[in-house]
Amino acid sequence: MKVILSIKPEFANKIFNGTKKFEFRRTLFKKKEVNKIVVYASAPISKVIGEFEIEDIVHEDVDTLWNKTSDYSGISFDYYFEYFQGKEAGYAIKVKNPKKYEKELCIMQNFGIRPPQSFAYLK
């Protein structure tokens, strides 16, 4: 099963160039059978640009999560802790086999949905 995630273009591009191997989330989808992430690069790109498999999902307290993932986080210490402000724990989705599409896709035209705030399940 796939989900589509909204990711800022700066971070989406880092996933596909290999410098960001973890995608962080404050909350996560509930369905355990999700094994693939489709990447919607938010504004100003506003297109679906690729996908990746989920190698693992790490759920830890915020400090431990940073210690385990910081080398391949693709984000700064300050950005990370600002993102998780007010949360005791967080999630890191470990990226496996990222594949950037040759042609960017329109989310409404190709998937029949509006850009999700966080994520949306795909059929």
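## Secondary structure

The protein has 4 helices and 6 strands, taken as DSSP runs (H or I of at least four residues for helices, E of at least two for strands) and numbered from the N terminus. Their order from the N terminus is β-α-β-β-β-α-α-β-α-β.

This is a predicted model, in which local features need pLDDT of at least 70 and side-chain atom pairs count only at pLDDT 80 or more, while totals for chains, interfaces and linings use all residues. Residues are numbered from 1 along each chain as its sequence is written, and side-chain values use heavy atoms, without hydrogens and water.

## Overall dimensions

The C-alpha trace spans about 40 × 30 × 25 Å along its principal axes. The radius of gyration of the protein is 14 Å, which agrees with the value near 14 Å for a compact globule of 123 residues; it is taken over C-alpha atoms, and the globule rule is 2.2 Å times the number of residues to the power 0.38.

## Nonpolar cores

Of the 123 residues, 40% are buried (under 20% relative accessible area, 1.4 Å probe, protein chains only). A nonpolar core is a set of buried Ala, Val, Leu, Ile, Met, Phe, Trp, Tyr and Cys residues joined through side-chain atoms within 4.5 Å. The largest one has 28 residues, and Phe-24, Phe-29, Ile-37, Val-39, Tyr-80 and Ile-93 touch the most other members. Elements supplying at least two residues each to this core include strand S1 (2-7), helix H1 (9-17) and strand S5 (89-105). Apart from this core lies another of 8 residues, among them Tyr-40, Tyr-101, Ile-107 and Ala-120.

Conventions: Buried < 20%, exposed > 50% of the residue type's maximum accessible area, 1.4 Å probe, protein only.
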